[in-house]
Amino acid sequence: MEKARIEILLIEDDLAEADLIREMLAESRTHAFSVEHVQYLADGIALLKDRTFDCVLVDLGLPDSQGLETALTVRDQAKLTPVAIITMLDDEELALKALQMDIQDYLIKGDIAGTLLVRSIRYAIQRKRVALALQESEQRFTSFMRNLPAAAWMKDMQGRYVYANTETERIFSTPLAALLGKTDRDLFPPETARQFGENDCRVLSEGTTLQTTEVLRQPDGIEHYSIVNKFPVLGSGGQAAYVAGVAFDITDRVRAEEALRESEEKFSRFFDTAPVGITISTLADGRFVEINKEGERLSGFRRDEVIGRSAMEFYIWKDPAERARMIEDVLKEGAVHDREMTFRTKEGNVLHGLFSAVVIDIGEKKHLLSIVSDITERKRIEAELEHFASFPRLNPIPIMELDSDGKVIFCNRAAENIFGKTCFDSSNPLIPKDLPDMLHDLRQNKPRQFTRTVEMDGRFFDELVHLVPEFDVVRIYAIDVTERRRLEEERGRLAAIVESSDDAIIAKTLDGIIVDWNTGAEKLYGYTASEIKGRHISALVPADLVDEVTQFLEEIGRGKTVKHIETIRVTKDGRLIPVLLTVSPIKDASGRIIGASTITYDITDRKQAEKALKESEMRFRALVTASSEAIYRMSPDWSEMRQLFSKEFLTSTEGSSRTWLEKYIHPDDQPHVNAAIQEAIRTKSIFELEHRVQKADGSLGWTFSRAVPLMDANGEIVEWFGAASDITERKRADEEIERLNTDLTARAVELEEVNRELEAFNYTVAHDLRKPLTTTNGYCQAIRELCGDKLDAQCAGYLREAYEGTLRMNRLIEALLNFSRVTRIELRRETVDLSRMAREVADELRAADPGRRVTFRIVDGIAVDGDANLLRVALDNLLGNAWKYTGAHEEAIIEFGTAEVDGRPACFVRDNGPGFDMADAEKLFLPFQRLPSAEEFKGFGIGLATVERIVRRHGGRIWAEGEPGKGATFWFSL
C-alpha cells in the first residue's frame with residue numbers, strides 16, 4: 001500500500017536536531033514525509049511565498065529571530081498552513097499563549113519521539129482544517145444572522161442573553177450592548193418576563209421546539225406581536241446548554257387581521273341582520289355563493305339548498321328574460337336600483353320585490369350582489385286600494401284627495417275619525433312633505449304613485465299616494481299598520497334572542513314531536529334543524545330515561561312548568577352529557593296549550609369542576625395526613641398563623657396564633673425571617689428560607705420553609721400556604737462535609753506538590769538521558785557518512801548496533817515517560833466508540849505491515865464512558881500485542897468484542913498466538929516483567945502495565961486468560 005505523502009518545512013538552526021527529526025519522520029509506517037530544512041527564518045519565509053507545505057515546524061531560537069514572534073511571523077505568511085513549535089523551552093504559559101494564537105502544537109525537543117511527532121503533525125493538519133472550516137462556518141453564520149429579517153438570540157441556563165443579532169435590537173427596542181448578559185427580568189416588565197421564562201422552561205423540560213406567539217409592549221405603549229420558535233441547544237455532553245429563539249415580527253399582520261376581522265364582522269352582522277334579502281352569485285353563470293337569513297325567509301329555500309346552484313335551476317325568476325335584461329343593464333351601467341320585479345318562492349307563491357344589484361370582485365372573479373326588498377304586502381295594499389277606490393266613503397282605511405293647488409278637498413269617514421276637523425287642514429300629517437314636487441308632476445299629466453311610512457303619536461301608517469291626472473287630484477290611502485309592526489318587531493326580537501342564544505332551545509308538540517330547533521341546540525346535540533325536526537324528542541334521551549319525557553309532557557299538558565331538572569341527554573354521536581332542563585308550556589292566542597318549550601344548559605364543565613374539586617380536597621387531606629413535613633397556613637400579612645399541622649417536628653397549633661414568630665423561630669433568626677416575609681409579600685412571590693426553629697421535643701433544629709401566596713381574581717393575596725421540612729440532620733452533615741473538604745483540600749495540595757516534583761524528576765531524567773543519546777546518534781551518523789566506505793564489515797556492524805541502540809534507548813525513554821504520564825493526565829470523560837477506535841488501530845497495523853494475512857473480528861456498537869486519548873493508548877497496546885504475538889502464524893485471527901462477566905459487561909481482545917501459562921498471568925501487568933516465552937518478541941515489558949494503569953484509573957480491572965499454544969485473551973471492564 002502506497003504511503004500518504006506529507007510535505008514538511010523545518011526551520012531549525014541545529015543540524016543534529018534537524019537530522020533527528022528527519023529520522024523520526026522516516027520511521028513512520030503510515031505516511032511518507034518530505035522534509036525541506038532551512039536554518040534561518042528569512043529562508044523559510046521566502047520558501048513559503050513560492051511553495052505550499054502541509055505543515056511547518058519552527059524553532060523559537062533562530063539566528064535571525066527569537067521567541068514566539070518567530071512562529072507568529074510564519075503563521076502570518078502561511079495563513080492556511082498549520083504551524084507547530086519545536087523548542088527546548090518547557091514554558092507552559094508560553095505554550096498556552098501560542099495555542100491561543102492559532103499555533104497548532106508546542107513540542108519540547110527532549111520529549112519528542114517518532115510516534116508523538118508523526119501524530120502531532122497529523123493532528124495539527126487536521127486541527128487547522130477544522131479551524132478553517134469553523135472560521136468559514138462562523139463567517140457564513142455571522143453574515144446570515146446579520147441579514148436575517150428576524151430576531152435571533154440565545155440564552156444560557158440562567159436565562160442570560162449570550163448572543164443576539166441586530167434585528168433583536170429593533171424588536172426588543174434594546175441596544176445589543178445592553179442586552180448581552182442580562183435576563184428577561186432585567187429588561188422587560190414582570191408579566192412579559194414571566195411569559196418569556198415559562199416558554200423557555202417548557203422548551204428545556206420537553207426538549208422539543210416550541211412555536212408560539214409572544215407579546216411585547218414597546219416604549220411607545222403599543223403591543224408588538226412576534227411568532228417565536230424556541231428550541232434547546234445541546235452542549236458537549238448531549239444535554240441542553242442553551243435555549244435559542246427566532247422571532248418574526250407580525251405586528252403589522254396582526255393589526256391588519258384585526259382590522260379585517262372587524263370589517264368582516266361588521267359586514268357579517270349587516271349581512272345576517274339586514275331586513276332585506278341579500279344574495280351573492282357568480283356573474284357568469286348565476287350560481288349562489290351566499291344568501292342571508294332574510295333571503296332564506298323570502299325565498300323559502302335554505303342556504304344549503306341554494307349554495308352552488310343558480311336561480312334558473314329553481315325557477316325563482318317568474319320571467320327569465322327579465323333577469324337577462326337586468327344583467328345587461330348591470331354590465332352597461334354598473335348597477336341597477338329599486339326595480340320592481342316578480343319572483344317565485346319555494347312554495348310557488350309570487351313575491352313582488354324592489355330589486356337592486358351591483359357587480360363586485362371576490363378573488364379574481366366578478367360576482368353580483370343582489371338586494372330584494374319585499375313589496376308583496378304593499379302591492380296587496382295597492383290592489384285593495386284600487387278595489388276600494390270605487391267606494392272611498394265607506395272604505396275603512398283613511399282616504400284623502402288634494403287638488404292641483406295642494407288643498408284637501410276630500411276626507412272619508414275613516415280619516416275624519418282620526419283627524420277630526422284638522423283632516424282638511426294643511427297640517428294633516430298624511431300630507432307628504434314633498435307634495436310640491438308631486439303637484440308639479442300632476443300638472444305635467446304624469447300618472448305616478450309613491451309609498452311612504454308615517455308615524456303619528458306612536459301609530460304607524462303605510463301611505464300610498466296616487467297622482468290621478470284625469471281627475472287632476474292627488475289621492476292618498478293610509479293603512480294603520482301599528483299593531484302589525486309591533487307584532488313583527490316583537491316576533492323579530494324573540495326570534496333573534498332564541499337564535500343567538502348559546503343555550504339549546506327546542507319547541508315540540510304535546511306529542512313530543514320537535515318543531516323548532518335553534519343554533520344552540522345544534523351545537524349541543526350535533527343535529528342540524530333539518531335532521532331533527534319531525535322526530536320525537538326521545539331521540540335525545542337515553543333508553544333508561546324515556547319515561548321521564550312522558551312525565552314532563554303530562555305535567556306541561558296540565559299547565560305546569562318543570563324547572564331546573566338535572567338529567568342526562570344523548571348527542572348525535574352517542575355521547576352522554578349532563579344537562580339542566582327547564583320545560584315550559586307554549587300557548588296560542590286563546591291561551592290553549594299547544595306544545596312545550598325546553599331550554600337546556602350543558603353542565604358538563606360544572607360537573608367536572610365539582611368532581612375535580614372533590615378529588616382535590618381528598619388529595620389535600622391525604623397529603624396533610626401522610627406528609628412528614630409541617631403544613632401551615634398564614635394570613636395575608638403573616639401576622640396570624642391560622643393553622644399548623646405537624647406530626648413530630650414542630651408543635652401543632654390548637655387554633656390560630658399571633659405569637660408564632662416568638663414561639664417557633666430562634667431569636668437570632670427572627671429579623672431575617674421577617675425581612676424575607678416582607679419581601680415575599682411585597683413581590684407576591686414564593687417565600688423560601690432556611691432558619692433555626694424550636695422543635696417539638698424542645699431541642700434546637702433547622703428547617704427549610706417554603707410558602708406560596710394564594711390570590712383572588714384581582715391578584716390580591718388572600719392566604720399563604722406553606723410547608724416546613726426538618727433539615728437538622730442535613731445541616732449537621734453539611735458541617736461535617738465542610739470539615740472533610742478542608743482536610744481533603746490540604747491533602748490535595750500535598751499531592752499536587754509531590755506530582756510537580758515527580759514531573760520535574762521525569763523531565764530531568766528524560767532530558768539528561770536523551771542529550772547524550774542525541775550526541776551519540778549524531779556521531780554515529782557522521783561516522784557513517786564520512787567514513788562509511790573505509791570501515792570493514794565488523795566495524796560497520798558495531799556502528800550499526802550503536803546507532804540502533806540509541807534509537808532503542810530513545811524509544812524506551814519515551815515508553816517510560818508515557819507510562820508515567822498515564823497516572824497524571826486528567827481524565828476527560830465522554831462517550832467513546834471503542835468499535836470505531838479498534839478498527840482505526842487495525843487499519844494502522846495493516847498499513848504498517850501490508851504483507852501479513854490477519855483477520856480482524858470487531859463487534860459493532862461497543863461504546864463506553866471514558867477518556868478517549870487514554871483508551872486509544874490501551875487499544876494500541878492490546879491490539880498491537882496481539883498483532884506482534886501472532887506474527888509467526890500464516891493465518892492470524894484477532895478478535896475484539898464484549899461479554900458479560902459476573903453480571904457486568906467486559907471487553908476482550910483475543911488472538912490465536914502462542915498463549916502463555918496461567919501461572920505467569922500476574923506478571924503480565926508488572927512493569928518490565930516479560931515472560932520467558934516472549935524473549936523472541938521485541939518490547940520493553942511496560943505496554944500491558946500501561947494498560948493496567950489506564951483501566952485502573954477508569955475504576956475498572958484487567959485480567960488475562962491463556963494456554964500455551966492456544967492463544968490468549970485479555971479482558972477489561974470500566
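Good morning. The model before you is predicted, with local features requiring pLDDT of at least 70 and side-chain atom pairs counted only at pLDDT 80 or more, while totals for chains, interfaces and linings use all residues. Residues are numbered from 1 along each chain as its sequence is written, and side-chain values use heavy atoms, with hydrogens and water left out.

A word on naming: helices (H or I, at least four residues) and strands (E, at least two) are DSSP runs, numbered from the N terminus.

Helix H2, residues 41-50, and helix H3, residues 68-77, have axes that come within 10 Å and cross at roughly 15°. Here axes are lines fitted to C-alpha atoms, for helices over the stretch in contact, and angles run from 0 to 180 degrees between N-to-C directions. H2 is therefore roughly parallel to H3; angles under 35 degrees count as roughly parallel, over 145 as roughly antiparallel, 65 to 115 as roughly perpendicular and the rest as oblique. The crossing of H2 and H3 is right-handed. A crossing is called right-handed if the near helix is turned clockwise from the far one by less than a right angle, and left-handed if anticlockwise. On the H2 side, the contact (heavy atoms within 4.5 Å) is made by Leu41, Ile45, Leu48 and Lys49, and on the H3 side by Thr70, Thr73, Val74 and Gln77. By class, this contact of H2 with H3 has four nonpolar, three polar and one charged residues. For these classes, Ala, Val, Leu, Ile, Met, Phe, Trp, Tyr, Cys and Pro count as nonpolar, Asp, Glu, Lys and Arg as charged, and the others, Gly among them, as polar.

Let us turn to a sheet. Five strands form an open sheet with antiparallel pairing, in the order E14-E13-E17-E16-E15; two strands pair if DSSP finds at least two bridges between them. At the edges are strand E14 (288-291) and strand E15 (335-344), each pairing on one side only. Neighbouring strands of this sheet are turned by 30° against each other on average, direction ignored. E15 pairs with strand E16, residues 350-362, in the antiparallel sense over eight bridges, and Arg344 stands opposite Val350 in E16. Which helix packs on this sheet? It is helix H14, residues 320-333, which touches E15, E16 and strand E17 (365-374) and whose direction makes about 170° with that of E15.

Next comes strand E27, residues 593-602. Strand E23, residues 504-509, pairs with E27 in the antiparallel sense over six bridges, and Lys508 has Ala596 as its bridge partner in E27. Strand E26, residues 576-587, is also antiparallel to E27, joined by nine bridges; the partner of Leu581 in E27 is Thr600.

I now move to a further sheet. Its five strands form an open sheet in the order E34-E36-E37-E39-E38, with mixed pairing. Strand E34 (854-858) and strand E38 (957-962) stand at the edges with a single partner strand each, so one side of each is left without a neighbour in the sheet.

H28 in turn packs with helix H29, residues 943-953, at about 145°, with their axes 9 Å apart. This crossing is left-handed. Among the residues that meet are Leu870 and Val873 in H28 and Leu944 and Ile950 in H29. The contact has eight nonpolar, four polar and one charged residues.

Finally, how many salt bridges does the structure hold? There are 61, a salt bridge being a side-chain nitrogen of Lys or Arg within 4 Å of a carboxyl oxygen of Asp or Glu. One of them joins Arg829 and Asp865 (3.5 Å, N to O). This pair links distant parts of the chain, with Arg829 in strand E33 (residues 829-833) and Asp865 in strand E35 (residues 863-867), 36 residues apart.
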